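Here is a short briefing on one protein chain, arranged by topic. The sequence and the model come first.

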Amino acid sequence: MNTTAFSDLDKYYMAHAILLAKKGRFTSSPNPNVGCVIVANNIIVGEGYHQKAGLGHAEVNALAIAKDKAMGATCYVTLEPCSHFGRTPPCALALTKAGIKRVIIAMVDPNPKVAGDGIKILEKAGIKVDLGLLKNEAMDLNRGFIKRMQVKEPRVTVKLASSLDGKTALKNGQSQWITGPAARCDVQYFRALQSAVLTGSATVIADNPSLNVRYESLKNHLDFDLTLRPAEIRQPIRIILDSHNKITLKEKLFSLEGKVLLVSLLPRDDLPKNKNQFSADIEQLIGTDDGHGRINLKVLLTQLSDYEINDLWVEAGATLAGEFFNHQLVDQFILYQAPKLMGSQARDLVNLPDYSKMIEVVQLSLQSVVLIGNDIRIISNITSDRG
């Protein structure tokens, strides 16, 4: 494996591969987003991306277009070519058989089944391998996948909406709608990027939400690929934390297709024996008690990794959102803030402890602040430091 200075053309082709990889963001989970470009004599002769688990990987799709033009060509790929037999054969072997002479890889695959073995296959075949071109951009494509591979937990994003004075609902509980249509469309876009959406039973009982991705809203988003049809969009798993089995199964989300995971502390005896009884595919997961009659969120995240959940989107009330923050389980925080003032008696954004020292407070690192319609969207990453 080589470390080398990359040319501007190298950067151009890898940037194109990253754009291709982004096309799989709404469909590829639990697999990573990967793009590939094959170049011969400074001409792109093949390109591809991974669309869905079980379908061709990015390298195979690019090779299918390049055909015999791949002989002696250079391959740019955003993630190390796989080395193991899964649903599809190893891409590293496909590249060697095609006669590729050089492979430029943005980042090593964090999957323990690969983790450098793909590079070894290429180098053993006499292919020159260069690593690290636009590595950070490639990592941004798959933050959730990387975390699941490394620590067996999904990447957690907490989404909340508030007024300018940090309130999420009136004293009587009324909250629809704090934000405007553009912000709600934006939420649909981010939901569509997730493997799962999580909320608590209190939110389900109070608001009766659908918690799904609605194509009609999604297609109006500026960053959505309109070539994708409704049936192609991955519906995230809907996860409901219902410690004491308060959900009645009559709520709206059970009438909608897609998987619903009910997380409880005790089994319930009213789950449908006939799968056709509900439009939703309902499954119960027994969680671990945290010692206070609540579900242990840290243990839950490990359990959710077994469901191959890369990115977890939390849309919950102030109490459950606060629990994620208090246990330091949040990777990213997205706040939609509306230009409204709801008053001191309205409900707070998130329930946090009464800190007595500034060093104790949750420290955020601003990633972006954007105007969405008449509202503000703030995206912050959670830093490990306090104060």
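This is a predicted model: local features need pLDDT of at least 70, side-chain atom pairs count only at pLDDT 80 or more; totals for chains, interfaces and linings use all residues.

Residues are numbered from 1 along each chain as its sequence is written, and side-chain values use heavy atoms, with hydrogens and water left out.

**Overall fold**

- The chain contains eleven helices and 16 strands; helices (H or I, at least four residues) and strands (E, at least two) are DSSP runs, numbered from the N terminus.
- A compact globule of 387 residues would have a radius of gyration near 21 Å, and the 23 Å of the chain agrees with that. The radius is taken over C-alpha atoms, and the globule rule is 2.2 Å times the number of residues to the power 0.38.
- Along the principal axes, the C-alpha atoms fill a box of roughly 70 × 50 × 40 Å.
- Of contacts between residues at least 6 apart in sequence, 69% join residues at least 24 apart; contact means heavy atoms within 4.5 Å.

**Surface and charge**

- Buried residues account for 52% of the 387 residues. Buried means under 20% relative accessible area, exposed over 50%, and partly exposed in between (1.4 Å probe, protein chains only).
- The accessible surface is about 18,700 Å², and 52% of it belongs to carbon and sulfur atoms. Areas come from the Shrake-Rupley method with a 1.4 Å probe; for residues, only the protein chains shown count as cover.
- The chain has 45 positive and 40 negative charges, and their mean positions are 2 Å apart. Lys and Arg count as positive and Asp and Glu as negative, while His and the chain ends are not counted.

- An unreviewed UniProt entry places the feature "binding site" at His-57, Cys-82 and Cys-91. These three span 35 residues in sequence, yet no two of their C-alpha atoms are more than 9.1 Å apart, so they gather at one spot. UniProt annotations may be inferred rather than shown by experiment.
- His-57 sits in the loop between strand S2 (43-49) and helix H2 (58-66).
- Cys-91 belongs to helix H3 (residues 91-98) and is buried, at 0% relative accessible area. Not counting residues up to four places away in sequence, Cys-91 touches His-57, Glu-59, Val-60, Pro-81 and Cys-82.
- Glu-59, in helix H2, is buried at 3% relative accessibility. Beyond four places in sequence, the contacts of Glu-59 include Cys-36, Cys-82 and Cys-91.

**Second annotated group**

- The unreviewed UniProt entry also gives "binding site" for Ser-175, Arg-191, Thr-203, Leu-211, Arg-214 and Glu-315.
- Thr-203 is part of helix H8 (residues 201-207). Leaving aside neighbours within four places in sequence, Thr-203 contacts Asn-208, Pro-209, Ala-316 and Gly-317.
- Leu-211 lies in the loop between H8 and helix H9 (215-218) and is buried, with a relative accessible area of 3%. Among the residues that Leu-211 touches are Arg-191, Val-197 and Arg-238.

**Ser-243**

- Ser-243 is in the loop between strand S9 (237-241) and strand S10 (258-264), and at 17% relative accessibility counts as buried.
- Its contacts beyond four places in sequence include Val-263, Ser-264, Gly-293 and Arg-294.
- Ser-243 and Asp-8 are 235 residues apart in sequence and 55 Å apart in space, C-alpha to C-alpha.

Conventions
The place of a charge is taken as NZ of Lys, CZ of Arg, CG of Asp or CD of Glu.
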